[in-house]
Amino acid sequence: MSDSARDPRRVSPRQEPAAPTPGDGASAARMGTPVGRWVLLTAVLGSGMAMLDSTVVNVALPHIGRDLDADLAVLQWTVNAYMLTLAGLILLGGALGDRFGRRRVFVLGVVWFALASLLCGLAPDAGVLIAARALQGVGGALLTPGSLALIQAVFHPDDRAAAVGAWSGLGGVASAVGPFVGGWLVDGPGWRWVFLINLPLAAVCVPVALRHVPETRDPAAHGRFDVLGAALGALALGAVTYALIAAPDQGASPAVIVPAVLGVLLGFAFVYVEARRPDPMLPLGIFRIRLFTSINVVTLFVYAAFSGFFFLSVLQLQVVVGWSALEAGTALLPTTVLMLLLSARSGRIAQRVGARIPLTAGPLLCAAGMLLMTRVGAGAVYWRDVLPALVVLGLGMVVLVAPLTSTVLASVDVARAGLASGINNAAARAAGLIAVAALPLAAGMGPDVYRDPAAFSSTFARAMLMCAGALVIGGVLAWATVREPARPGCHPECAYHCGVSSPPLDPGEGQGVSAE
């Protein structure tokens, strides 16, 4: 990386002498100043939209299915269409912000996300809803990396940790209240408001960003964007996902076999292109780092289990137990509340004992929580049947998430921390995408299973056993492969992060900055 990329005080020749330079000494934003508050508000509103969406939509799935007369495949695509474009484009979204301006790309993402949310809320049928969700994922890929990058680029180095910690804590609150808000909206004005709630958030976020957040860019960003790599990656995931979702209804027919084979071929093409491009979206050489590779494999297993669990558990609580959307959403609060309260302490413990023990114990605790969920069926009592499972699961996530993120960042040099974090985040989202597509198939769920409480309950128990198995594999892999005596610190962005779909992003410490 060039010297300008390493030194945040290097600025572009375009900068006027009197203009403040974010990240440069006393002229940068500080905590408690008006500029600092506006930047923090903008980042929280933008990331809060994406965090809310990742939690509230699952709560609405049974109502979406009934209102649109949709089968299970439509519910899977309602979740996966968003994750597909988000996972495929999130690395590209961060690069666009560095090149064209972080505020500009962030605002574009917020507007795009809001318009796609409006289309979701007005969708007359399942096809339009799925297409709108895919468009939502494009907006998410633009705004999600940008929200934290704004803080890192604008705040004074001495205040960045505090600012990121505040952003993470407030984002954690948004994730924690998401299922509750989603349930209240679904039972009240209806499931469409799960998407329409993003419009007032965007209406506040955009003008604040344009008026109060300085524009920054990385003057070292150059070269062409890897659009081909991003397209091949997204198409490969999309084809495999389509085959997995279609399999319960179509069987081993050409409609399943052809996209499955095409997805595998596109995956090989993606690897071929990335290995030969001078400026790839995914530099394959980073996987030569043993610790980085092993942590990403662990990430694939644990986040596949998390995504499968949260997709199916809200259906189980509503379809089988008979709870309302509000009751089902509120029931899930213990996991995110525990993460909000205890993740910082978990990170400090990992700093003392190393990553190997928490990365082994965390998945095993989560597996125990999912095994406890197999007891949840018709007539379940929350305090006796559901709460113990969610508490154990939440404690396992507390033990796991902060050390996992810190270890990813500690496994590479500082110049590649942003890239490493982006790859880890995309890997978790891709794992969730495949899990939501494959788990119902593996558990024997047919297209109309969620309309039959007895059938859904028995297949749900099988699915929880599979999720627990994936977590056990993740824990065993961590014990076998994480042997470096590193003591990664708890970075502030993972201290309070409560997302269940992916680890938090870190744009890296050594960003070059040019202010306009």
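Which residues do ring pairs link into a cluster?

Tutor: The cluster is made of Trp323, Tyr382 and Trp383, linked through ring pairs. Rings of Phe, Tyr and Trp (for Trp, the six-membered ring) pair when their centres lie within 6.5 Å; planes under 30 degrees apart are stacked, over 60 edge-to-face, and the rest tilted. Before going further: this is a predicted model, where local features need pLDDT of at least 70 and side-chain atom pairs count only at pLDDT 80 or more, while totals for chains, interfaces and linings use all residues. Numbering starts from 1 along each chain as its sequence is written, and side-chain values use heavy atoms, leaving out hydrogens and water.

Now for the helix next to that cluster. Arg384 sits in helix H15, which covers residues 382–410; helices (H or I, at least four residues) and strands (E, at least two) are DSSP runs, numbered from the N terminus. The side chain of Arg384 makes a polar contact with the side chain of Asp385 at 3.0 Å. For a polar contact, two N or O atoms must be within 3.5 Å, and within protein one must be able to donate a hydrogen and the other to accept it; residues adjacent in sequence count only if both atoms are side-chain atoms. Setting aside residues up to four places away in sequence, Arg384 touches Arg375 and Gly379, where contact means heavy atoms within 4.5 Å. At a relative accessible area of 49%, Arg384 is partly exposed, because buried means under 20%, exposed over 50%, and partly exposed in between (1.4 Å probe, protein chains only).

Back to the rings. Searching the whole structure gives 8 aromatic pairs. One of them is Trp191 with Phe195, edge-to-face at 6.3 Å centre to centre and 90° between the planes. Trp191 is buried at 6% relative accessible area, and Phe195 is buried at 0%. Phe287 and Phe292 make a tilted pair, with 5.5 Å between centres and 50° between planes. In that pair, Phe292 is buried at 0% relative accessibility, whereas Phe287 counts as partly exposed at 30%.

The charged end of Arg356 is over the ring of Trp479, 3.7 Å from its centre, and the charged end of Arg99 is over the ring of Phe100 at 5.8 Å from the centre. The cut-off here is NZ of Lys or CZ of Arg within 6 Å of the ring centre and within 35 degrees of the ring normal.

What about the nonpolar surroundings? The largest nonpolar core has 136 residues, and those with the most contacts inside it include Phe306, Leu312 and Phe456. Helix H11 (residues 290–320) supplies the largest share of this core, 17 residues. A nonpolar core, by the way, is a set of buried Ala, Val, Leu, Ile, Met, Phe, Trp, Tyr and Cys residues joined through side-chain atoms within 4.5 Å. Leaving out neighbours within four places in sequence, Leu312 is in contact with Leu439, Met445, Phe456, Phe460 and Ala463.

Glu215 belongs to the loop between helix H8 (198–212) and strand E1 (216–217), and is buried at 2% relative accessible area. The side chain of Glu215 reaches the backbone nitrogen of Arg103 at 2.8 Å, and a polar atom of that side chain lies 3.0 Å from the backbone nitrogen of Arg102. Over in helix H3, there is Thr85, buried with a relative accessible area of 15%. Its side chain reaches the backbone oxygen of Tyr82 at 3.4 Å. Beyond four places in sequence, Thr85 is in contact with Arg133, Ala134, Gly137, Val138 and Ala141.

Zooming out, the protein has 17 helices and 2 strands, and buried residues make up 59% of its 516 residues. As for confidence, pLDDT (the predictor's confidence in each residue, from 0 to 100) averages 84, with 88% of the residues scoring at least 70. pLDDT stays under 50 over residues 1–27, and also over residues 510–514.
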